[in-house]
Amino acid sequence: MTESGDRADAERLRLADADAGRAAWRRWGPYLSERQWGTVREDYSPGGDAWSYFTHDQARSRAYRWGEDGIAGVSDDKQRLCFALALWNGRDPILKERMFGLTNEEGNHGEDVKEYYFHLDSTPTHSYMKYLYKYPQAAYPYDDLVSVNRERGRHEPEYELLDTGVFDEDRYFDVFVEYAKAGPEDLLIEITAHNRGPDEAALHLLPTLWFRHTWSWAGGTAVPGLRRQADGVIRADHEELGPRWLYFEGAEGFEGGSPTLFTENDTDNERIFDSPNATPYVKNGIDRYVVHGETGAVNPAQTGTKAAVHHALTVPAGDSVTVRLRLTGTELADPWAEFQQVFDTRRTEADVFFEGVVPDGLGDDERRTVRQALAGMLWSKQYYYLDVERWLTEHGADPLAADPRLRNSAWYHMVNDAVISMPDTWEYPWFAAWDLAFHTIALSMVDIGFAKAQLDLLLRRLYLHPNGQIPAYEWNFGDVNPPVHAWAVLFVYELEKHRTGSGDRVFLESAFQKLSKNFTWWLNRKDIDGNNVFQGGFLGLDNIGVFDRSAPLPTGGHLDQADGTAWMALYCQNLLEIAIELADGNRVYVEHAQTLFEHFAWIAVAMNRIGNDNQSLWDEEDGFYYDVLRLPDGSATRLKVRSLVGLIPLAATSVISGWTDQRYPELVQGAQEFVSSHPAVEALVSPHILASGTAGRHLFALFDEDRLRRILSRMLDEDEFLGPHGIRSLSRYHADHPYTFDVHGETYGVGYLPGESDTGMFGGNSNWRGPVWFPVNVLLVRALLNLHAYHGDDFTVECPTGSGRRLNLYEVAREISGRLTATFLSDADGHRPVHGSRPEFAKDPHWKDLILFYEYFHGDTGAGLGASHQTGWTGLAAVTATLFHVVGAGDWGALREEPLS
């Protein structure tokens, strides 16, 4: 790519070059985690207590085994060479090198980062990125945050950094870190610190360069090196990367100059293990030099594997200072000649790129929400490395003999070695299968190539288990997440086909083959009775049930899950749609489609009629789906909790376009013959599948029109599921009518909790008993659009229920989407629901345009809860804010009226 092209096309040209392998524009990016300590990867304890084994207090002194972390950091795509920002305000007890937060045991609602930082901007190739960290001028209150939160109960709010008073009188620095690429291997860095306080204040800025520690664990790896080459230049040498140069300004014009400090990225054994150090220069050497005045802690020879440029500054009140650096693979005579020009160009190109992403018709606040949501998605990429066989060997295990006492011992084949989209790089700095599927929906708005690569990743032989299971997440790869991978594959494929006129059939066919293996695993492993009703465990919904659905039931027996069964119905639908698409070039897939149709039909029958009425997942009296508890004596009872468990069947809704009848008559004939041969299918399923709706479309759903209306009447009731900011995960009915179940003298219960969890189930750091979760809401919006494409404008329902206001299902979908988006938009007084009652975010000009994308949201107020930077799946806010500005009432169904060649 050349930079002489049209600026409006510059970022898209970079993406095209990266996808085609012509230029490695994605090689450098924000691939450094925001937390490596406390992870399973770094846990070598005998009991598997990851949080306690490797703590935040140890992190500054102890070399990591599998990755690195930092503030506003970047690295290459194998995280060999890392760059990040360290700071010291002259008062903190330690150098600020990484984000601080509470462990699962310390937080009254589980683990929780206690910092304020914001991912403000990024292009998909990371040609431009912007990050903001708010750094207090007072001593950071580490002990106060731990002690107060530890004393608070689950019914009390969390004690946040703003509550401690360290931001009072605006005594803090806004530290902006910006990156601009002059080329694929050439990063320009600008760090600007604004003193927002009333007095001048000291600030030590320490841009830090280091190598991930790879040289001592297994032996045989050459030790890389950093050395001061000349004034203003640090040279880095690595056997794979080759030479790199870090150029920096500041040797003149700054108080104290800008000395370079060198040490080794090696563990301080004396501090951590009370054993001798091989060298006096260890990982915390720079911290010991700057904060504690230990002049002998850094190497006077100016060499090592970790180095920082030390800017000791005094920033006047209301003023700012700027530091510039350049990390490049080319030795330069004048690294600053075009520095400002490149930065200005990349900022403009980023603006132009997002003008092409965000549709017309959005207001400034909506545009801000979309851009920050997508920036968070792009900043949340992380290099994730874990060779499970080596990890097991290092734990003294036989990797070929599964040991149930050792985590992930059945996954010895796995070698994780890629840049992966993370849910939250502090709270969840590891991939999760169903999270990742949702990530790709938002990522596809800006980078289809990366989205496809992410979907393909977990299906590769080094990730997918030989038995066909998709790995769930680091704490337990063998757990089960909802099978939404096929849904995401189909979505991304169709989006690219619609945009470009042709779909990536190689991607689609490859995914189909591997997904079919996973589908078979579900059929064989998660249908205990062989009756097409499924038991998937907790299925990502953590504490939503009466019992821990991943543990043995206190009653014995098992649960037939309404959501588990519906997820499999959706899986069938998605694979069926993919098979029909692939059959356009290969009639073999017609047979696959026929088989999947029959699987779906039997699941639909089982979902609606299992034995006698007392054992059915459908409750005719309530007009809702429930889990069924099957007891060892053969009896069964419904667990009548109105939750997302009963709404997931609504999400399992797809439409097949009318052209299928003409193009594949053998499929239609086979379906008709199958239905006529099975009375149960004919009675419960065939009317809405074989009959044609609007434009000849066919509807695949688990319910008829009557049941649809009954489900919607509950879902759209503001006293039940429909909240001001989306569909709640549990009905408000249970606020006054908690559901209880007695077992052996002990009472188990579920009540409506619109905010934080009051139970320690699954760590207690998330709650599905009332709050709004974006991913499931988006699935429900999709289902409503499909239902509208089939039923048309004449099918209307009350929305909200009881209001007398009738809407068609497209309008209902738009209503829910608008409520979701409103979570992030400011009202006339500047308040955004996401920020709750925090006045800083409403009135302060340095806070009010900053948006956090939380894990989930209060069911009544919309306040953000859980992980505060989970743009992973809450990045779907970018989708809800733009969808109905792109898709009109007749567009959704028309998108697939005829397959594009």
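**View 1. Strands β11 and β12, side by side in a predicted model.** Here β11 (residues 225-230) and β12 (residues 233-238) run antiparallel, joined by five bridges. Look for A230, which sits opposite V233 in β12. As with everything in these views, the model is predicted.

**View 2. The open sheet around that pair.** Zoom out and you get nine strands with antiparallel pairing, in the order β6-β7-β8-β9-β18-β13-β12-β11-β15. The edges belong to β6 (116-122) and β15 (303-304); each has a single partner strand, so one side of each goes without a neighbour in the sheet.

**View 3. Helices α7 and α8 against the sheet.** Helix α7 (residues 339-357) lies across β6, β7 (128-136), β8 (172-183), β9 (186-195) and β18 (320-328), and runs at about 90° to β8. Helix α8 (residues 364-379) packs on the sheet too, touching β6, β7 and β8, with its direction at about 95° to that of β6.

**View 4. N416 and its surroundings.** This asparagine is found in strand β20 (residues 415-421). With a relative accessibility of 0%, N416 counts as buried. Setting aside neighbours within four places in sequence, N416 is in contact with Y384, Y385, L386, V388, F431, Y463 and F477.

**View 5. Helix α24, from its cap onwards.** The 14 residues of α24 (residues 809-822) reach 20 Å from first C-alpha to last, close to the 20 Å expected at 1.5 Å a residue. N808 caps the N-terminal end, where one of its side-chain oxygens lies 3.1 Å from the backbone nitrogen of Y810. Ten of the 14 residues are buried, so α24 is largely enclosed by the rest of the structure. Among the buried ones are L809, Y810, V812, I816, R819 and L820.

Notes: Residues are numbered from 1 along each chain as its sequence is written. This is a predicted model: local features need pLDDT of at least 70, side-chain atom pairs count only at pLDDT 80 or more; totals for chains, interfaces and linings use all residues. Side-chain values use heavy atoms; hydrogens and water are left out. Helices (H or I, at least four residues) and strands (E, at least two) are DSSP runs, numbered from the N terminus. The expected span of a helix is 1.5 Å times one less than its number of residues. Buried means under 20% relative accessible area, exposed over 50%, partly exposed in between (1.4 Å probe, protein chains only). A polar contact is a pair of N or O atoms within 3.5 Å; within protein, one must be able to donate a hydrogen and the other to accept it, and residues adjacent in sequence count only if both atoms are side-chain atoms. Contact means heavy atoms within 4.5 Å. Two strands pair if DSSP finds at least two bridges between them. Axes are lines fitted to C-alpha atoms, for helices over the stretch in contact, and angles run from 0 to 180 degrees between N-to-C directions.
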